[in-house]
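Welcome, and please take a moment with the sequence and the model. This briefing covers a pair of helices and a sheet.

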Amino acid sequence: MKEIIDKIIEEGFECYIVGGYVRDYLLGYDSKDIDICTNAKVDDIIKIFKDTGKANKNYFSYHIKDGEYTYDITSYRKELEYKKNKPVKLEYAKDLKTDLLRRDFTINTFALDHNGSLIDILGAKEDLNNRIIRVVGDTEEKLLEDKTRIIRAIRFSCTLDFELDDEIKSFLETKGKVINQIPKEYIRKELDKIFESNHYDKFFDLVNKYDLGKYLNIKYNKIHKAYDKYGIWAQIETTLPFSNSEKTVVAYISNMIKKGSINTRELIIYSDIITKNASYILGLDESVNSFEEIGKLHSVIEMDITPQEIAKYIDVKYVKKIYKYIERKIMVGELSNDKETIKEFLKKIDLKDILKETDYE
């Protein structure tokens, strides 16, 4: 990062790290996406970095990928006209403050200079300390010119566990329906980020309070805690876009939820994403944990059957006991160490009687 900034400074230009990277740094979060703004014009940036990255002259920007880090270097600019939630008419700006005024929320207007000094022109620190999401400038004007900012405000509120300011709340109450003008792909991407956070309950509270479900293309009853985002999606009816593989995962989870149980076969054949989500939602964590545990079982003899194979005949939470029971039967000569013989034995055993024999716990 320092090398990139130094190159711009050495050419006589101003240069600042801005936006989300600085916000996350102040909150103690790690970030790999770094936005840099400068009074250098895009042609100047191209000359400085030559073929290191890729320019987008329409947006006065230059993109560099360096390992796990990405750098977006953008000239100071004004966004004069928007269409379909994107700026279509831009012009260069003369100073940092003008560039910051075009940004979405105050907490994204921090800047760091090349010496590491924090610059806060628009009162971002106060909103960060108070954990408030506030629009830069006129709230209604900003949210209507780029409607994706509405769902971004909700996303920041949920992922950072911040509160929306009163003007954003008022906008949601009176003009929330314009959310249906946001591309479905964008809504899906933002909701994924929300569902991957620890505060997705805040999202559903906002949706319920402002009746946003119909505009977001989602319908649900009660949302239960899930293992990951796919478990949340499995509890929602939606027309938002998913890949075929994602649809399959969500469908399997949804079917298990409707059935209200997970059988041993499902634990064996389905992925962790599917079984763990279903178990979290149904409150059956014990079954999945037990299945993971049997994978670690080892026998003192070389048994001709695996714990996973035993799980096809016995409820997974009892496999450990039955595994040890069979092992002892073989060792004392009461059962042949042959897979087919053991399978027949498993089909006939009285599980209740065996579980009473505490010697095999």
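In which sense, left-handed or right-handed, does H18 pass H19? H18 passes H19 in a right-handed crossing (left-handed if the near helix is turned anticlockwise from the far one by less than a right angle, right-handed if clockwise). This is a predicted model, where local features need pLDDT of at least 70 and side-chain atom pairs count only at pLDDT 80 or more, while totals for chains, interfaces and linings use all residues. Residues are numbered from 1 along each chain as its sequence is written, and side-chain values use heavy atoms, leaving out hydrogens and water.

**The helix pair**
- Helix H18 spans residues 319-331 and helix H19 spans residues 339-348; their axes lie 12 Å apart, at an angle of about 125 degrees.
- That makes H18 oblique to H19 (under 35 degrees is roughly parallel, over 145 roughly antiparallel, 65 to 115 roughly perpendicular, and the rest oblique).
- Ile322, Tyr325, Ile326 and Ile330 of H18 meet Ile342, Phe345 and Leu346 of H19, contact meaning heavy atoms within 4.5 Å.

**The sheet**
- An open sheet of 7 strands runs in the order E3-E4-E5-E2-E1-E8-E9, with mixed pairing (strands pair if DSSP finds at least two bridges between them).
- Strands E3 (54-56) and E9 (118-119) are at the edges with a single partner strand each, so one side of each is left without a neighbour in the sheet.
- E3 pairs with strand E4 (residues 61-66) in the antiparallel sense over 3 bridges.
- Lysine 54 has histidine 63, in E4, as its bridge partner.

Conventions. Axes fitted to C-alpha atoms, helices over the stretch in contact; angles between N-to-C directions. Helix = DSSP H or I, 4+ residues; strand = E, 2+ residues; numbered from the N terminus.
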